[in-house]
Amino acid sequence: MSATLATLILVATAIHFATAPAGRATAGHQGPQETASGRPSIVMVLMDDASYELLATMPQSMRMAAEGASYQNAHVVDSLCCSSRTSIFTGRPPHQTGVLTNTPNDPRDPIGGFAAFRRHGNAQRAFNLALQRSGYTTGFVGKYLNGYDVTMKHGKRVPPPIVPGWDHFDAILGGGYPEWGFWRAHHNEHGPMRLTYDAKPPRDSTTDQLDAHYATNVESRDAVDFVQRHRDDNKPYFLEVATYAPHAQLKKAYPDNPPFPPAFADRPPTGDPTGGNCGMKLCSQLALRDLAGFGDPRADNAPTYLHRDGSTSPAPPWNVNPVTLKASQALREYRNRARMVQAVDRMIGRLRAAVGPNTYVILTSDNGYHLGQLRLNGGKGTPYDFDTRVPLVVDGPGVTPGPRRQFVSNIDLAPTFERLAGITPPSSVSGVSFLNSLRHPHARGGRYVFFDHTYALSQPGEVDNDTAVGGDLEQVPSYIGVRGRQGLLARFDLDNSWSGHRYAYELYRYHRGFFERTNVFAADHDQPWARTLMRKLRQWDDCTPAQCRAATR
């Protein structure tokens with residue numbers, strides 16, 4: 001953990017004990033409070049594209065980190081929305097879920113999006129269905145999966161299908177990216193799926209009127225309402241709140257919206273780009289030095305071929321797009337992303353005040369995001385720290401406060417939730433529960449995490465290849481990767497066809513911080529630490545669930 005983030009957590013600790021949210025104990029962590037069921041309730045807030053550095057701007061979330069467990073080495077198996085979210089639901093990596101991209105490509109044999117999620121039976125493997133069958137009331141609010149949206153049939157809007165495993169379901173559909181003006185699909189256990197439209201107010205409305213319809217605020221109200229309705233039930237509940245923030249808009253809700261649109265209450269006054277609400281920091285204090293590797297030349301990141309005789313040779317760089325993201329634009333959007341997550345942070349405070357004592361609250365993200373690091377334009381999808389490492393903060397009964405150094409993947413969330421609920425995860429799950437580390441900060445845990453990414457630019461309509469920032473798409477090849485305490489090894493496939501392979505490697509040693517400064521594969525691939533990473537990478541390649549679990553140790 002960086003010294004800056006550790007200091008902020010200490011500051012948040014002092015703030016917490018002075019102004020702790022109502023409904024949470026402040027005199028230390030007691031064991032689980034017994035309910036009629038004896039099992040805890042669980043609330044997960046899943047942000048969209050929230051990179052790790054944004055956590056330090058969020059006062060309620062830093063307060064939760066001070067009271068609970070904060071994971072320094074939490075990663076996603078694929079830095080791409082739909083693939084990552086499917087892996088969270090199932091505890092399985094993309095090569096097992098069949099959800100490789102955000103869009104289906106061929107509707108008859110989809111490789112991505114909700115169509116692939118459904119086609120490959122992932123809804124039946126999702127942890128929420130297991131929780132529901134075990135007696136939990138399950139609720140979902142916010143962004144579900146890419147491609148889960150309204151369709152048109154005979155000139156009429158048709159809602160998306162009901163997904164099994166949810167007692168209460170209130171999804172904000174694809175129009176939620178701009179934060180205003182979106183369709184919602186919702187149902188409960190008593191009725192069919194219904195569509196409603198949340199219209200955006202006129203631009204000249206008051207700030208309060210505008211922000212009442214801001215998607216994150218709508219999600220916050222719905223989430224708190226769910227908790228209040230079920231907090232005193234005789235059975236536990238699980239709630240997932242999936243925000244669109246701080247994802248870039250795909251179109252403008254209002255002409256003056258920036259690419260990353262904060263709530264109006266958090267925006268700077270006109271003519272003051274350093275103003276507005278950036279939470280625990282003044283917006284003027286947020287600087288490009290916070291983005292490790294910003295502007296670093298990318299020539300020394302080119303991959304390396306490994307030949308059968310053990311020799312190496314340079315491979316062509318995969319990132320050859322023009323650098324169109326200006327430093328001034330990157331700084332502006334970094335600050336706007338920090339302003340966007342303040343609405344999420346207020347939700348965290350409201351939820352923690354609303355939940356009962358026997359409730360776990362989890363904050364994380366589906367992936368990170370880059371804004372000029374290693375001369376990459378705005379986007380995601382790489383194996384590097386800024387795209388794969390995400391916030392993960394957990395608070396609840398019996399959680400021992402403090403940072404955690406175990407390596408955790410988002411495929412570990414499903415088995416952890418099942419263990420919390422008293423369910424034995426099925427053998428088809430590739431993730432490993434980190435429940436023990438909640439109570440014991442130094443418990444034995446994962447030593448490696450793995451990455452599993454499929455080339456997506458060949459799929460028309462990949463919405464996460466953001467052109468709103470930087471103007472040019474990063475053509476990230478397919479790759480698998482492994483990361484441990486000493487470094488990162490990624491095997492890229494430079495042949496972007498679906499049948500051919502042309503492998504090349506990038507290897508990075510972590511000395512001070514997590515910054516992929518220089519590919520050292522040619523010089524260091526025979527070093528013991530690098531040979532261990534290569535052995536682990538081969539274990540992961542197309543692994544079965546049991547093999548995947550074993551590879552993390």
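**Cysteines and strands**

Cys-543 and Cys-548 are joined by a disulfide, with their sulfur atoms 1.9 Å apart in what is a predicted model. The torsion about the S-S bond of this pair is about 80°, so the disulfide is right-handed, and both Cys-543 and Cys-548 are buried. A search of the whole structure finds 2 disulfides, and the other links Cys-278 to Cys-283, whose sulfur atoms lie 2.0 Å apart. The link of Cys-278 and Cys-283 is likewise right-handed, with 100° about the S-S bond, and these two cysteines are also buried. When the bonded cysteines of the chain are numbered in sequence order, the pairing reads 1-2, 3-4.

Cys-81 and Cys-82 present another case. The cysteine sulfur closest to that of Cys-81 belongs to Cys-82 and is 8.3 Å away, which is too far for a bond, given that a disulfide requires sulfur atoms within 2.5 Å. Cys-81 counts as buried because its relative accessibility is 0%, and Cys-82 is buried with a relative accessible area of 0%.

Strand β6, residues 168–172, pairs with β7 in the antiparallel sense over 5 bridges, and within β7 the bridge partner of Asp-170 is His-186. β7 also pairs in the antiparallel sense with strand β8, residues 194–198, over 5 bridges, and here His-186 stands opposite Arg-194 of β8.

Methods
Residues numbered from 1 in each chain as written. Predicted model: local features only at pLDDT ≥ 70, side-chain atom pairs only at ≥ 80, totals over all residues. Heavy atoms only, no water. Pairing = 2+ DSSP bridges. Helix = DSSP H or I, 4+ residues; strand = E, 2+ residues; numbered from the N terminus. Buried < 20%, exposed > 50% of the residue type's maximum accessible area, 1.4 Å probe, protein only.
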